[in-house]
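Reader: I'm new to this and would like to learn how to read a protein structure. Could you walk me through one?

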Amino acid sequence: MAALNYILVGVLGYIVLFGLKDREDPTVSINFPKNDYEFRTNREISVSADDNKRVKSIIYLIDGEVYHTEEAGNSISNVWNPCKLSPGEHTLQVKVSDFAKHTVLSEIVRFKISPDFSSCWTSDFPAP
């Protein structure tokens, strides 16, 4: 019976030390915009980010620069404003991290801001 207890303790110890660790990278994909989309009106960026444990942060990179870092309660929809970008071509990439410090990058999506963007270029808000 003592041998069975040692085996049980060993199995439980292995599960606690190795089995519960997060060994998987998160996943990320950009749902919108798709490549070569042209913003003519304000539409929300949409991404899917998942992890086997929990996603820690989602970083939105526009033209290779950090545009926004999303954590709990800090959605991209709170800050996304295509009017802040100059008309023309831009890139979007998303970086996702989990609490085990695994990080992945999405594919790069190319998009355009139309020079005729219907709600941006007014006398109150001139083109950048």
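Reader: Which residues have the most contacts inside the largest nonpolar core?

Author: A nonpolar core is a set of buried Ala, Val, Leu, Ile, Met, Phe, Trp, Tyr and Cys residues joined through side-chain atoms within 4.5 Å; buried means under 20% relative accessible area, exposed over 50%, partly exposed in between (1.4 Å probe, protein chains only). Here, the largest one has 21 residues, and Phe39, Val47, Tyr60, Trp80, Leu92, Val94 and Phe111 have the most contacts inside it. At least two core residues come from each of β1 (27–32), β4 (55–62), β6 (88–98) and β8 (109–113); strands are DSSP runs (E, at least two residues), numbered from the N terminus.

This is a predicted model: local features need pLDDT of at least 70, side-chain atom pairs count only at pLDDT 80 or more, and totals for chains, interfaces and linings use all residues. Residues are numbered from 1 along each chain as its sequence is written, and side-chain values use heavy atoms, with hydrogens and water left out.

Reader: How many salt bridges does the structure hold?

Author: Side chains of opposite charge can pair when their charged atoms come close. The cut-off is a side-chain nitrogen of Lys or Arg within 4 Å of a carboxyl oxygen of Asp or Glu. This structure holds two. In one, Arg110 pairs with Asp36, with the closest N and O atoms 3.6 Å apart. Arg110 sits in β8 and Asp36 in the loop between β1 and β2 (37–39), so the bridge ties together parts 74 residues apart in sequence.

Reader: And which side chains meet at 3.1 Å, N to O?

Author: Those of Glu38 and Arg40. Glu38 is partly exposed at 26% relative accessibility, and Arg40 is partly exposed too, at 46%.

Note on methods. Helix = DSSP H or I, 4+ residues; strand = E, 2+ residues; numbered from the N terminus.
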